[in-house]
Amino acid sequence: MRLYAVAPPGLERVVAAELAAIGIAGAEVTGGIEWDGDLSGLRRANLHLRCATRVLLRLAAFRARSFFELERHAGRVPWERVVSAERPVALRVTAKKSKLYHEGAIAERLAAAILKRGAAAFVPAHVDEDDGAADLQLIVVRVLRDEFTISADSSGEALHRRGYRQAIGKAPLRESSAAALLQLAGWTGETPLLDPFCGSGTIPIEAALRARAIAPGLANPGRTPRHFAFTAWPEHDAARWRAATAAARALIKERAPAAIMGSDRDAGAIQLARANAARAGVEADISWQRLALSAAEVPTPNTAVITNPPYGLRVSANRDVRDLWAALGRFVRERVPEGDVALLSPDPALDRQLGVPLQVAAATRNGGIPVRVLVRARGPAARVPTGTPAA
Ligand SMILES: C[S@@+](CC[C@H](N)C(=O)[O-])C[C@H]1O[C@@H](n2cnc3c(N)ncnc32)[C@H](O)[C@@H]1O
C-alpha cells in the first residue's frame with residue numbers, strides 16, 4: 001500500500017518524527033510524508049499521530065489529458081477497496097497546470113465511475129481539509145501537469161478533531177498544533193509544564209495525553225477509539241483493530257509524571273478548559289487556575305512554558321500586546337531559566353519584546369495567519385523531537 005500522512009503546512013518534519021516513533025520510515029514530500037506500508041501501519045498512524053491532519057491510501061496514479069482518457073483510467077481504479085453501497089462518497093478535486101482543469105467536471109466523471117461500482121457518489125460544492133465525516137468516504141484527487149493522483153481518506157474527521165473539544169474559546173489552537181509545539185519544544189513529560197494563556201486548555205490537555213502516552217485516537221474517558229473512515233472499508237479487520245487499540249491502551253501511564261498546569265485570566269476560559277479535560281479523560285492530570293500572567297506560579301525553574309499568547313492582528317499598533325509579550329519574556333527569564341519553551345509568534349517585532357534566546361523551529365499557519373514556532377535556543381545542536389511511543 002502506498003500511504004501518505006497529510007501534515008499541516010511546515011510541520012512535515014514533526015509528522016515524520018512521529019511516524020518514526022511508531023516504526024514507520026517515510027519520505028518527506030511537500031505537504032506530508034509518504035511510505036509503503038500495510039493496513040497495520042495505516043491503523044497505527046491513525047491512532048497515534050498527534051500532529052498529522054489525515055492519512056490517505058493511494059488508489060491510483062495516471063496521466064490523462066482528455067475526458068476520454070480520464071474515464072478509461074477511472075474505470076480501472078480499485079474503488080471497491082474503499083467504497084460500499086452504505087456510505088456515500090465525496091470527491092475533493094484540485095487541478096493545476098493541466099489540460100483538464102475544470103474541477104467540477106473531473107469530479108463528475110470520477111463520480112460516474114464510482115457509481116458503476118455500486119456506491120452513491122456526490123460532488124459537494126466545497127470540501128476543505130477539515131471536512132470528512134463518519135458517514136461518508138472522502139476521495140482526494142490531485143491533478144498537476146496532467147498527472148492524476150487519486151487517494152482515499154482513511155481518517156474520516158480530520159485527526160486533530162480528537163472529540164474532546166466541544167467547547168472552544170476566542171482564538172483556539174488546533175489540537176495538532178498544540179501537540180506540535182510540545183514536540184518541537186523537546187518536552188518529554190518528565191518536567192512540569194505551564195501554559196499561562198491556556199484559553200480552552202488545548203496545550204495542557206495535549207500535554208497530559210502525551211505525558212501519559214495516551215494515543216490521540218483514545219482521548220476520552222473510556223479510552224475507546226474515535227471513528228476512523230477505514231473501519232468501514234471492506235478489507236477492514238475488526239479483530240486486528242481491537243488488538244491495535246488494546247496495545248495502545250496497554251501503554252497508558254496511570255498518571256502524568258510531572259505537574260501540568262493551565263492558567264488564564266478569563267474565568268469562562270478556565271471553565272471550558274476543565275470541561276474539555278474531563279471529556280479527554282485527563283481531568284486529574286491538570287490543575288487549572290484563573291490567574292493573570294503576573295500572578296502565575298511555577299513549581300521549579302525547569303518548568304516548561306508552552307503557550308499560544310494573545311496577539312492582535314495589527315501587532316505593531318498594539319501597545320498592550322507588546323507589553324504582555326515583554327512580561328512573558330521576563331517571566332521566562334526569571335522564573336523558568338532552565339525550562340523548555342515553545343510559543344507561536346506571528347511577528348518578529350513581538351519576538352524581540354521577549355528578550356529570550358529563541359530559535360525558529362517551524363513556520364506554519366494558525367487560524368489562517370502565518371506564524372512561527374519559537375523554541376528556547378539550546379546551543380548549536382537543536383534537540384530532535386521524540387514523538388509518540390511505538391505500539
Ligand atoms: C490565543 S488565546 C489562547 C487559546 C488557547 N491556546 C486555546 O486553544 O483555546 C490567548 C488567551 O490569553 C488570555 N489572556 C490574555 N491576557 C492575559 C493575561 N494578562 N494573563 C493571563 N491570560 C491572558 C486570554 O483570555 C485568552 O484565553
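I started with the largest pocket and found 34 lining residues; Ala 171, Phe 197, Asp 264, Asn 308 and Pro 310 lie nearest its centre. On a 1 Å grid over the protein atoms alone, a pocket is an open set of points with protein on both sides within 12 Å along at least five of seven lines, and lining residues have an atom within 4 Å of a point.

The model is predicted: local features need pLDDT of at least 70, side-chain atom pairs count only at pLDDT 80 or more, and totals for chains, interfaces and linings use all residues. Residues are numbered from 1 along each chain as its sequence is written, and side-chain values use heavy atoms, without hydrogens and water.

Next I looked up which elements give two or more residues to this lining: helix H6 (202-211), helix H8 (267-280) and helix H9 (319-335). H8 gives the most, with three residues. Helices here are DSSP runs of H or I with at least four residues; strands are runs of E with at least two.

I then checked the volume of the largest pocket, about 920 Å³. That is the space filled by probe spheres set on the grid points.

Then I turned to strand S1, residues 2-6. Four of its five residues are buried, meaning under 20% relative accessible area with a 1.4 Å probe, protein chains only.

Strands pair if DSSP finds at least two bridges between them. S1 and strand S3 (residues 32-36) are antiparallel, with five bridges. Tyr 4 has Glu 34 as its bridge partner in S3. S1 also runs antiparallel to strand S4 (residues 54-63), joined by four bridges. There, Ala 5 is bridged to Val 55.

How values were computed: 1 Å grid on protein atoms, 1.4 Å probe; cavity = no way out; pocket = protein on both sides within 12 Å on 5 of 7 lines; lining within 4 Å. Buried < 20%, exposed > 50% of the residue type's maximum accessible area, 1.4 Å probe, protein only.
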